[in-house]
Structure formats: structure tokens, C-alpha cells
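Here are a few exercises to work through with the model open beside you. Try each task before reading its solution.

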Amino acid sequence: MKKAFISALSFLILSSITLSLNSVFAKDSTKSLRVATTVPPITNIVENIGGTAIEVTGIVPNGVDSHTFEPVPSDAKILAEAGVIIVNGLGLEVPTIKLAEKVKKPGTPIVRLANDTLPKEEWQYDFSFPKEQGYPNPHLWPNIALTIQYAKIVRDQLAGADPEHAHTYAANAATYIAKLKQLDQAIFSCIDTIPKNNRKLVTYHDSFAYFAPRYGMQVIAAIQPASFTEPGPREIMRIITQIKREKIPAIFGSEVFPSKIMEQIARESGAKFVDELSDDELPEKPHPSFIGMMVNNIAIMTEALGGNPDCGGNVDTSNLTD
Ligand SMILES: [Zn+2]
């Protein structure tokens with residue numbers, strides 16, 4: 001018994017030595033902090049603030065529906081190797097977070113940017129994200145004041161996990177936040193060019209719930225139901241009537257969520273259907289960046305609603321790592 005105990009003990013000691021040796025070697029072979037992220041806008045924010053000091057892997061591919069995304073087995077490896085895991089939260093990446101909790105290293109934090117940015121009283125529930133289902137609208141990032149909070153949290157979390165590069169993260173964040181402020185101002189001046197009566201949004205995917213109140217827009221309707229299917233005929237009729245009554249010139253879809261229903265609503269209400277907004281798919285041009293995505297959104301929105309689309313022209317859409 002005793003002998004068995006001792007040999008079990010020495011096995012334990014030996015394996016813990018091997019483990020710590022492994023981690024020493026692992027540290028030497030990978031010099032930079034590994035960060036796992038989820039949706040492309042968050043991946044891009046983290047890339048800009050981490051710069052060359054970190055290695056970022058975004059788990060949700062660009063152009064994929066992030067709301068129904070399920071991680072694949074290779075994502076478990078990415079999450080297991082990460083020193084920091086940064087997600088949006090507010091119910092957006094539930095399967096990925098569950099997997100992360102299972103496989104991550106004990107010391108690796110899971111940072112939920114939206115939960116850390118907005119107090120519970122300010123979470124929004126609506127048609128696509130009803131309170132009964134328990135998950136609020138998670139799209140904080142089109143509201144640039146909230147994105148600036150995201151950037152600050154990312155800066156502090158990276159510095160916490162890798163204090164040696166804290167100054168790099170602080171300097172990159174300062175540059176990036178200055179660009180975000182420029183974007184924020186550009187959005188205000190774009191909306192300013194839209195006739196007051198047209199500052200209304202009808203979108204398919206419900207991603208402008210936090211954007212609208214900041215910039216003086218009103219979300220009249222989001223058409224996609226909570227099940228991510230199509231709305232029923234009665235709801236469609238209600239929306240068509242409302243678009244006609246409010247004389248809304250354009251309604252918006254996105255390439256990630258193609259919908260025949262939107263074409264029907266546009267045809268019957270007389271509004272123009274603009275199928276090009278994006279809440280998490282980064283564009284190719286002018287730069288594959290979150291800021292570039294928002295500049296495109298605002299130009300598309302402003303033009304379709306009767307404003308001057310050149311309003312966002314001076315915003316620097318480049319990435320720090322381009
Ligand atoms: Zn979305």
C-alpha cells in the first residue's frame with residue numbers, strides 16, 4: 001500500500017516537473033500573448049490595440065451569422081491556448097463561451113466587453129431580442145461611445161495579462177481611440193445632413209438599437225424575429241403600413257441575412273430596399289476594419305435617407321497593423 005502510495009506520489013511529482021518544464025518551453029517558443037476573440041469587429045479592435053505584441057485568433061469567421069454560430073473542434077485548441085479570451089457577451093456567443101469555460105487554462109480570463117460596458121439597467125430588449133428569452137440586444141459596437149469603452153477594457157485586460165507591454169497597449173489604444181472619436185463625430189455630421197423626418201431606421205437584422213439613440217435616429221422596426229426566421233404575415237402588414245404612414249424612404253438589409261421578405265416589404269410600401277448594411281462583417285474596401293465597416297454603413301444610410309454621403313470622407317479607416 002505504502003509503496004504504491006510513494007510511487008503514485010513520485011509519479012505526481014515527476015509529471016508536475018514535466019508540466020512546468022513544458023510551460024517554460026512553451027513560453028520561450030511563443031513570445032507574444034495569445035488572445036482568442038469571437039466576432040470580427042471585436043477581433044479587429046483587439047488587433048489594433050495589441051498590435052505586434054499579441055497573436056489574435058478570431059473564432060467567428062467574417063461574413064458568418066454570429067448569432068447562430070457554433071464553434072468547431074479546432075476552436076477548442078485556440079481557446080485552450082489563449083492567455084486572454086475576449087468576447088462581446090450579452091448572450092451573443094453562448095456556445096463559444098461554454099466551450100471556453102470547459103477548455104481554457106485556469107488563469108485565462110473570459111472578458112465580456114458588453115457586460116463590462118453597460119449596466120443591466122441599460123440593456124435593451126426588443127422585437128428581435130425579447131426579455132422573455134433572457135438575452136438582450138448585444139449590438140453595442142455601432143454606438144461609438146460604447147466602442148471606446150470596449151477599447152479601454154481591451155487595453156487594460158491586455159496590460160493585465162502582459163504587463164511587460166502595457167506601454168505598447170496604452171499607446172496603441174490612444175491612437176485607436178482618437179480614430180474612434182473622429183468616426184463618432186463623422187457619424188453625427190452625417191446624420192445632420194439627413195432631413196429630420198427621415199432619421200428613421202427599418203432594418204432586417206436588429207443591430208442599431210444602441211446606435212440610434214446616440215445619433216438621433218429612431219428604430220421604427222427590426223424585421224427579423226427572435227428565432228432568426230422570417231416574420232409572420234400580420235407583422236409584415238403592420239410594418240408596411242407603418243413605413244407608408246411615416247413616409248420612410250429606404251429600408252435596410254445586410255448580406256449576412258438575405259431576406260425575400262424585405263423585398264416584398266419594399267415593393268408594397270414604396271420604400272427603397274438597400275441590402276448593404278453590416279453589423280459584423282468587415283468590408284474589403286477601403287480597409288478591412290471595424291472603422292471602415294462603420295464608415296460604409298453611415299455613407300449607405302445617409303445617402304438612402306436623403307443626406308450627403310460624403311460626410312464620412314475624412315475618417316481614417318486604416319488598421320494600425322496594415
Ligand atoms: Zn448581429
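Helices here are DSSP runs of H or I with at least four residues, numbered from the N terminus. With that in hand, note that the model is a predicted one.

**Exercise 1. Find what follows helix α2, and decide whether the residues of α2 are buried or exposed.**

Step 1. Go to residues 40-50, the span of α2. A residue counts as buried if 20 or more other C-beta atoms lie within 10 Å of its own.

Step 2. Apply that cut-off along the helix: 11 of the 11 residues are buried, so α2 is largely enclosed by the rest of the structure. Among them are P40, P41, I42, E47 and G50.

Step 3. Step past the end of the helix to G51, which has a positive phi, near 55°.

**Exercise 2. Work out the strand order of the open sheet and place the helices that pack on it.**

Step 1. Trace the 4 strands: the order is β2-β1-β3-β4, and the pairing is parallel.

Step 2. Look at the edges. β2 (54-58) and β4 (110-112) each have a single partner strand, so one side of each lacks a neighbour in the sheet. From one strand to the next, the twist averages 25°.

Step 3. Check one pair in detail. β1 (residues 33-37) and β2 run parallel and are joined by 5 bridges; A36 stands opposite T57 in β2.

Step 4. α2 touches β1, β2 and β3 (84-87), and its direction makes about 175° with that of β2. α6 touches β1, β2, β3 and β4, with its direction at about 170° to that of β3.

**Exercise 3. Describe how α6 and α7 are oriented to each other.**

Step 1. Take α6 (residues 144-161) and α7 (residues 166-193): the angle is about 175° and the axes are 10 Å apart.

Step 2. Angles over 145 degrees count as roughly antiparallel, and α6 and α7 are therefore roughly antiparallel to each other.

Step 3. List some contact residues: α6 contributes, among others, I148, A151 and R155, while α7 contributes residues including A173, Y176 and L180. By class, the contact residues are 15 nonpolar, 1 polar and 3 charged.

Methods:
Residues numbered from 1 in each chain as written. Predicted model: local features only at pLDDT ≥ 70, side-chain atom pairs only at ≥ 80, totals over all residues. Buried ≥ 20, exposed ≤ 12 C-beta atoms within 10 Å, placed from the backbone. Helix = DSSP H or I, 4+ residues; strand = E, 2+ residues; numbered from the N terminus. Axes fitted to C-alpha atoms, helices over the stretch in contact; angles between N-to-C directions. Parallel < 35°, antiparallel > 145°, perpendicular 65-115°, else oblique. Contact = placed C-beta atoms within 7 Å. Nonpolar A, V, L, I, M, F, W, Y, C, P; charged D, E, K, R; others polar. Pairing = 2+ DSSP bridges.
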